Amino acid sequence: MRVGIVAEGRGDLAVIANILKGKLGLDFEDVQFIRPEYDMDETDVHDQAEALRGGWGRVKRECVERGRIREFVENAIDDEILVLIQIDTAEAHEKGYDIERPGRDDPDYAAVLRRRVVEKINAWLEGEGVERVRHAVAVEETEAWVLTIFSAKDTATFGDPKKKLNEVINKAMPDKERKRHFQLKEYAQAHELTRPFRKRRELEKFADRNLSLRLFVDSLGEPGEG
Amino acid sequence: MIRELTIKNYKSILDHTIELGRVNVFIGENGCGKTNILEAMAMVGAALTDKLSVEELFNRGIRVAKPSSMRSSFPGTPDQEIVLQCSSQLGTSEASFREELRIAAEEGSAADVKWYENRGSDEEQMARAVRSLATWMQRPDIFTTEHIEDIVRTLMARFPPSEKALHELARGSILRGGMGREQLGALVGDFAIYNANALALRGLQTVSRRSPMGIHGETLDVAIAGLKPDVWADLLERAKCVSWLEDIVVDPTDHLKYQGHKLGKSQSTLYFHDKHMPPANNVFSAENVNEGVLHVLFHLTLFVSESTPRILGIDNVDTALNPQLCRDLMKQICELAAKHDKQALITTHNPATLDGLNLHDDEQRLFVVYRNDEGHTVTKRIKAKAQPEGQKLKLSELWMRGHLGGIPRNF
């Protein structure tokens, strides 16, 4: 099986790839990064700011235009395939994303929000190939999923997962290791932090600490949500 | 042909099986273990012909290291033997024979290493021979009951039913004769890994003394001089994929040297004519000709010569070649391998090489080589499916765009 991933950022790609290993046993060679592009030449990279290469806007654009997704699905390689769309909900209210959030006190907040985002993604895709699409919807940021490795609490309760994750790293890592970690590129940082996701039993344990992670992990073993 | 190769405990390959076609191309990032696969096949050839000396291994293109580095050294793999299994196909039939080789090393000192095939105790050998016999008995399409009975009668006639007879059976010298081990030896016994080198091709350096041609292209002129006229004519036409090439001459007396066409110390007697220049002044020697034409000629010769191995390895087939030439060369290699009954294991780093493959032909196979989570080298065969019109991407583009894998991920 080959899985193509459309994600907001390079760190997200690494997190998803590790989850795929833990859940489906897929090696990196079975996983292909569709977006953000990493096949640009250095001239293009120079022309394009890092911020422009990621973000929900890019994910939406790929879903609407579907150029790279179609290329992945329809190319000449004969293999079973799955397309994975990763998106955070932190900016779900922004213009163009246009998700109406459920009430914060809704006990099904994460599940309802995820369902709305899934419907939105499928609308962007105009239903094309949704039977082989899975949705990695992080409520509210992928960092909340990463935090499940470091905290036994429900990580959806952390107000600012990015800030919390940095605090946890600063506390957990010795000076030398921390310095080395922050010198790594975004992809390598996320890959190293989420290595524990690559073990199935561990992944199942961590998934119990964040509902949106649990819903994503479970969806990998199910038929499409389209 | 060798249809299946299982490699255990060899360098970065802990335990992996590859199903081979006639032309097999391996791609993958640097250090993923592509060449280790070719080396394992070279070890098979060396073991089958009892030529496991360090010098012989070097001459086959193996990057020989101390025994502990030749074996896998992953955590929890203390096995002292390299185990190689290969299955060969009998002509065009589906029947195959399997041979297992267990290779170990005796280390006196760092400078005194002896590799040998560990055939096990008499009892183990006997068990293997009997298993082989049993396997053959299950293939009535190849060996009838009369065949098997004939083998047993031969055994009984040559050896009285004694302990010695059982030992002969165990060693398989009768059972294997002409059917298993010897046949495999004939197929793969002279396997070597060819890796073109400009100095060797120019006749300026001799590292390998294999005959008729060294593994780096030494004595290419000798190999070409030994070709039959029709084969040479075909080779010359094919070499004209190098656009400026008009003619190639082997000058055994090296007369052209004395006309000033070769000024240095080259031992090569190959000369090339450039079609764009006037005949009076269009000759270049191997010493000073463009490097690409030497590489093309070297690789084509490997596939047309009767004196080169029937099964061979080529490391970095793309060296010094323009992308379009890589594609042309690969296509010609596939054609020549079928025409001259050769089988090849080839590595490349140039995407354009892949465009010369037709993956709809089951005998032309593409493998991505990579290190799995544990660091073990494994392969994945890339199979093609039909693409919709308008969506077609060349294999080279698919590789570069990440669809094939085999590229570093540390971006």
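In chain B, six strands form an open sheet of mixed pairing, in the order β7-β11-β12-β3-β13-β14. Here helices (H or I, at least four residues) and strands (E, at least two) are DSSP runs numbered from the N terminus, and two strands pair if DSSP finds at least two bridges between them. The edge strands, each pairing on one side only, are β7 (193-194) and β14 of chain B. This is a predicted model, in which local features need pLDDT of at least 70 and side-chain atom pairs count only at pLDDT 80 or more, while totals for chains, interfaces and linings use all residues. Residues are numbered from 1 along each chain as its sequence is written, and chains are lettered from A and ligands numbered from 1 in the order in which they are written.

Within β11(B), I314(B) is the residue opposite Y194(B).

Which elements does chain B contribute to the side that touches chain A, with two or more residues each? First, the count: 16 residues of chain A are in contact with 23 residues of chain B, contact meaning that C-beta atoms, placed from the backbone, lie within 7 Å. The elements are β13 (364-371), β14 (377-382) and α14 (395-400) of chain B.

Finally, the chain overall. Chain B has 14 helices and 14 strands. Of its contacts with a separation of 6 or more, 67% are between residues 24 or more positions apart.

Technical notes. Two residues are in contact if their C-beta atoms, placed from the backbone, lie within 7 Å.
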